[in-house]
Amino acid sequence: MPSPALKRSTLLAVCACVLVAQSMVAAVNLLIPQLSSSALHPSHTEILWTVDAYVIAFAGLLIPAGALGDRYGRKGALLAGLALFAAGAATSALAPGPALLIAGRAVCGTGAALITPATMSILLHLAGPEGRARAMASWTLAIGVGGMLGNLGGGLVGQFLSWRALFAAMVPLAALLATAVAVTTPRTPRSPHSTLDPTGTLLLTAGLLAVLFGIIEGPTYGWASPRILGVFAAGALLVAGFTAYARRARRPLIDPRVFVTSPRLRAGTLGLATGFFGLFALFFVNSQYLQGVKGYGPAVTGVAIVPLIVGMALVPKLAARWASYPRPVIGGGLALIGLGLLGASTANAGTPYPVYACWLLVISAGTGLSMPALTLTTATSLPPHQSGLASGLGTSARELGAALGVAVTGTILANHPDLADGMGPALRTVAVLVLAATAMVVTGYRGSVKRPKGARGCIEFAATAARARPATTKPQPTDSRSA
């Protein structure tokens, strides 16, 4: 149950916001055939940018957007994000040509970058230490369900409606959500100590955008192509430049040394990236397998992915009871994702659906088990006045992992004649990487320290983490601690 400060209506409103923002990451993927044959006559490159503009703007701007909410108000950032989301959707729906369609997608992604960290930060402030685990379980459920509903909604729109209908529907939906937020959600205290750090923000954002572009476009242009290698080199230089600058700056956007002093933050961000790496690799092939290999229609496919929702909806309630033991919860959850992917990699045209559904349930249960604890770890690894920044950091890790999962899977599939032949090797590769990263995450939690409870404790932890030694006691509740 939500805490007295966090009303159920508030929880539902902010979770609905993040669900809608996440759903638009993948919804356009299933509209590509209709877009390609539309009156806009987009080129192959323009189609790619229609898909990728949202993801690049969304993931690349999350960290500064979170800092913006900390400084000027999280509720205001959420409402501004919904307004931008609606404006971008309207622009795309009315676009007379590909350029305006792409621009609308980028504006929509910018709005989503404001929405996502603001929603998490609001929940953390309102839930209190005792209610954070449950609040994060609801928030991460909204993230997962949003990704799946995006695939389902895009497929149904592509079959029964015009592609413009998807974008047009987002405008009144965003207005409805803004009204719900305005009525149900109280303002949280602003953080005057937070800084936007224009120079650091520019360096970090440009570096993340370059890395994202390289990951997303790598399968298209080739990982060894001069364009992709140049983009990765530019991204690495920009991130290195940010690191050098932030170490000298008086008030940096984020001090990179926190990754050295806080093993939990390192483990949490790696865990979030790992979970979404595996989950979005599955999303990339799941609908194609069910429709192209099994021969299901869009409506039946929507029903067939229900096992992915069941685990995410039910398991977090159980995981919240084990919040005092984040290491086995997180390690077990990520391991289930890897093992479920190994099982799903055995599927072919003759595999009975109930068998495949069992592997979906395993992956779903692993996601529901690990993601709330990872989210809470990252979100509370920085001082309370930087909760929006921490939320943006964790969500950036999710989106980078998701983009990399799709890129790796797409690259492996491209080297096989069809999906039926390449799905097994692709999912096995992803599974092995997930299991290897899980071992690293669990090791990172082994080196974590006890964190004092409460706001003062969070500040004291940040100041003393550099002197921390490996913990020899039981892990502390996740409210003191990550998609």
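Accessible areas here come from the Shrake-Rupley method with a 1.4 Å probe, and for residues only the protein chains shown count as cover. On that basis, the chain exposes about 18,500 Å², with carbon and sulfur atoms supplying 69% of it. The model is a predicted one, in which local features need pLDDT of at least 70, side-chain atom pairs count only at pLDDT 80 or more, and totals for chains, interfaces and linings use all residues. Residues are numbered from 1 along each chain as its sequence is written, and side-chain values use heavy atoms, leaving out hydrogens and water.

As for the fold, the chain holds 18 helices and 0 strands; these are DSSP runs numbered from the N terminus, with helices (H or I) of at least four residues and strands (E) of at least two. Of the 483 residues, 56% are buried, where buried means under 20% relative accessible area, exposed over 50%, and partly exposed in between (1.4 Å probe, protein chains only).

His-41 sits between helix H2 (32-36) and helix H3 (44-60). Its phi is near 50°, a positive value in a residue other than glycine. His-41 is also exposed, at 64% relative accessible area.

Then there's a nonpolar surface patch of about 400 Å², built from Val-303, Val-306, Val-310, Leu-314 and Leu-361. Patch residues have over 30% relative accessible area and no salt bridge; like charges are joined within 9 Å, and nonpolar side chains (Val, Leu, Ile, Met, Phe, Trp, Tyr) within 5 Å. A salt bridge puts a side-chain nitrogen of Lys or Arg within 4 Å of a carboxyl oxygen of Asp or Glu. Helix H13 (residues 306-319) gives the most to the patch, with 3 residues. Val-306 is found in helix H13 and, at 37% relative accessibility, counts as partly exposed.
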